[in-house]
Amino acid sequence: AFFPQYAGVIVFGLYILGPVMAIASGLILKRSVFRGEPAPFLLELPPYRMPTLHNIWLHVWERVRDFLTRAGTIIAAMSVVVWFLQSFGPDLRLAEDTADSILALVGGWIAPVFEPMGFGVWQAAVALLTGLIAKEAVVSSMSLFYGFSLTDYAAAGAAMSAAFSPAAALAFLAFCALYTPCVAAIAAIRREMGSRSWTVLALIWQLGVAWLASFGVYQIAAMVL
């Protein structure tokens, strides 16, 4: 929408940004939180065999069942919560305009956090909140708030140009690429780490890294663009 001639370069840059920040995070944590002698790593590889359709089916079904029973329930619950917050106002009456909803009110409280990155508006804050259900929801939320079709990129740029400068758009993309993926990922982190405190720390780290990277992108882009 904002960079039609360089869309491929922008998307490729976002893909590169993720691994770069992951490596940087690993190096920082290795020298701070996880200092000391590295733990020995031993990996025993099983003998390779040709997979059977029965084993493939069982393996896939176990993964799908795990997602549906654990992450799926969280996604469904969060979807209901977001729908309620978006449909009703603070007086619990049906909101005719999304700007009068509870979600917009909450977004207004969060929006100042993103002011240093150039997109301190409630629409952006709410879109990022809905992105906690799934990152795809960020784009659909923006299209709803600014009234453009998801396939009309020119209209999208024109509709959001009043609230987003090109530098702010780049910063917004960087934040979307790095912040907490979704509630399903949060559930997976909680399950794999087996600790609520470590899960909270992981979320704080993800949000902090996303904020700092977005702020850096905005400062650099504001001088170049």
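User: What is the handedness of the crossing of H7 and H9?
Analyst: In this predicted model, H7 and H9 cross in a right-handed manner.

User: At what angle do the two pack, and how far apart are the axes?
Analyst: Helix H7, residues 166-178, packs with helix H9, residues 196-224, at an angle of about 160 degrees, and their axes are 8 Å apart. Because angles over 145 degrees count as roughly antiparallel, H7 is roughly antiparallel to H9.

User: Which residues in H7 meet H9?
Analyst: On the H7 side they are Ala167, Ala168, Leu170, Ala171, Phe172, Ala174, Phe175 and Leu178. Their partners in H9 include Leu207, Trp211, Val217 and Tyr218. By class, this contact has 17 nonpolar residues, two polar and no charged ones.

User: Turning to H8, how is it oriented to H9, and what is the handedness of the crossing?
Analyst: Helix H8, residues 183-193, packs with H9 at an angle of about 135 degrees, with the axes 8 Å apart. The two helices are therefore oblique to each other. The crossing of H8 and H9 is right-handed.

User: Which residues meet there?
Analyst: Ile186, Ile189, Arg190 and Met193 in H8 meet Arg196, Trp198, Thr199, Ala202, Leu203 and Gln206 in H9. The residues of this contact divide into six nonpolar, two polar and two charged.

User: Is leucine 92 buried or exposed?
Analyst: Leucine 92 counts as exposed, because its relative accessibility is 56% and the cut-off for exposed is over 50%.

Note on methods
Residues are numbered from 1 along each chain as its sequence is written. This is a predicted model: local features need pLDDT of at least 70, side-chain atom pairs count only at pLDDT 80 or more; totals for chains, interfaces and linings use all residues. Side-chain values use heavy atoms; hydrogens and water are left out. Axes are lines fitted to C-alpha atoms, for helices over the stretch in contact, and angles run from 0 to 180 degrees between N-to-C directions. Helices (H or I, at least four residues) and strands (E, at least two) are DSSP runs, numbered from the N terminus. Angles under 35 degrees count as roughly parallel, over 145 as roughly antiparallel, 65 to 115 as roughly perpendicular and the rest as oblique. A crossing is left-handed if the near helix is turned anticlockwise from the far one by less than a right angle, and right-handed if clockwise. Contact means heavy atoms within 4.5 Å. Ala, Val, Leu, Ile, Met, Phe, Trp, Tyr, Cys and Pro count as nonpolar, Asp, Glu, Lys and Arg as charged, and the others, Gly among them, as polar. Buried means under 20% relative accessible area, exposed over 50%, partly exposed in between (1.4 Å probe, protein chains only).
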